[in-house]
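Please look over the structure shown here, with attention to its helix packing and its aromatic side chains. The questions that follow take these topics in turn.

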Amino acid sequence: MAHAADAPLPEPPRRLVRALGETYGEATAGAWLDGLPQTARRALTGRGMTAERVVEPGGRSSVVILARGAGGEPAALKLAPPFAAPEREREALAHWDGWGAVRLLEDAGDGLGLPLERLRPDVSLRSLPEAKALLEAAGTVRRLWVEPPEGHRFETVADRTARRVGAMAAYRADEAVGTLVAAALEARDGLLADAPEALLLHGCFRQGKVLAGDRAPWLAVGPEPVVGERAYDLARLVRDRVEDLVAEASGAAAARRRVNRLADSLDVDRERLRGWTLFRAVESGTRALAAGRDREAEPLLEFAGWL
């Protein structure tokens with residue numbers, strides 16, 4: 001992909017096609033994907049950008065095109081379907097204004113994608129040894145936890161997790177995972193009953209969402225912003241590299257140590273972090289089961305059982 005006006009957009013990454021179809025339905029996802037080449041061309045041309053390449057394998061809800069601005073400066077353009085709420089991401093990035101996160105460049109306000117500073121998409125925290133990666137992750141996510149803007153339109157943790165409850169509850173009677181599901185739903189109810197804070201959170205924070213940059217060593221990307229407590233935001237990070245954990249003989253003990261270490265380093269209550277980690281692991285595990293991805297579900301549910 002060499003020129004904004006005449007080069008065809010390569011096929012959307014397979015991961016994106018599969019994930020959008022699974023999450024939003026084949027018909028809804030397909031309609032957006034069919035129009036993606038035209039959308040990309042309009043967005044690039046409208047900003048005077050020249051496209052270089054599409055990031056592969058890419059994310060599960062958007063496509064990122066590495067590009068050059070009108071003056072030749074490196075940039076990136078992120079395109080996401082409207083049903084994936086890109087406007088909320090735009091609002092969160094604008095609020096952070098580059099503090100701990102990728103910077104949103106000056107925008108035409110046309111709703112055609114997010115123009116972003118260029119990071120190094122092939123270098124995330126997952127390239128570091130585990131202990132170093134967790135240390136850098138903690139330092140990055142701490143910067144994102146700020147008061148949301150006045151009059152914000154971000155979803156709350158209560159609302160977001162409520163959308164998952166019905167699908168999870170369908171597994172209550174399942175002999176293999178019913179006990180875990182019941183424990184996860186009970187944990188959620190208790191945590192929401194006495195939530196201690198309402199901060200702006202990344203919403204999907206993990207090592208793969210922190211990329212190397214020039215302006216700062218590490219910057220967060222791909223937020224799914226939500227307002228709630230910090231423990232919710234840390235819960236996804238706790239289970240990073242879950243396949244490695246379940247392969248270890250001491251995996252259960254290592255998982256519990258990770259909960260305690262992250263909680264203590266970021267002044268988060270250990271039990272609240274354990275509870276949200278349990279809920280989010282079981283939610284992800286049951287969602288994978290429902291989609292027929294048993295190999296993905298198994299380590300998640302084994303991990304959840306250790307908590």
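Rings of Phe, Tyr and Trp, the last by its six-membered ring, are taken to pair if their centres lie within 6.5 Å. The model discussed here is a predicted one.

Q: Which residues form one aromatic cluster, and how many aromatic pairs does the count come to?
A: The cluster is made up of Tyr232, Trp276 and Phe279. Under the pairing rule just given, the count of aromatic pairs comes to four.

Q: Is the aromatic pair of Tyr24 and Phe83 stacked, edge-to-face or tilted?
A: Tyr24 belongs to helix α1 and Phe83 to the loop between β3 and α4, so the pair ties together parts that are 59 residues apart in sequence. The ring centres are 4.6 Å apart and the planes make an angle of 55°. Planes under 30 degrees apart count as stacked and those over 60 as edge-to-face, with the rest as tilted, and the pair of Tyr24 and Phe83 is accordingly tilted.

Q: What is the angle between the planes of Trp276 and Phe279?
A: Trp276 and Phe279 are three residues apart in helix α11, a separation of about one helical turn. Trp276 is buried, with a relative accessible area of 0%, and Phe279 also counts as buried, at 2%. Their rings form an edge-to-face pair with a centre-to-centre distance of 5.9 Å, and the angle between the planes is 90°.

Q: How far apart are the C-alpha atoms of Arg270 and Ala231?
A: Arg270 is found in helix α11 and is partly exposed, with a relative accessible area of 38%. Leaving aside neighbours within four places in sequence, Arg270 is in contact with Val259, Asn260, Ala263 and Asp264. Although Arg270 and Ala231 are 39 residues apart along the chain, their C-alpha atoms are separated by 8.6 Å.

Conventions: Residues are numbered from 1 along each chain as its sequence is written. This is a predicted model: local features need pLDDT of at least 70, side-chain atom pairs count only at pLDDT 80 or more; totals for chains, interfaces and linings use all residues. Side-chain values use heavy atoms; hydrogens and water are left out. Helices (H or I, at least four residues) and strands (E, at least two) are DSSP runs, numbered from the N terminus. Buried means under 20% relative accessible area, exposed over 50%, partly exposed in between (1.4 Å probe, protein chains only). Contact means heavy atoms within 4.5 Å.
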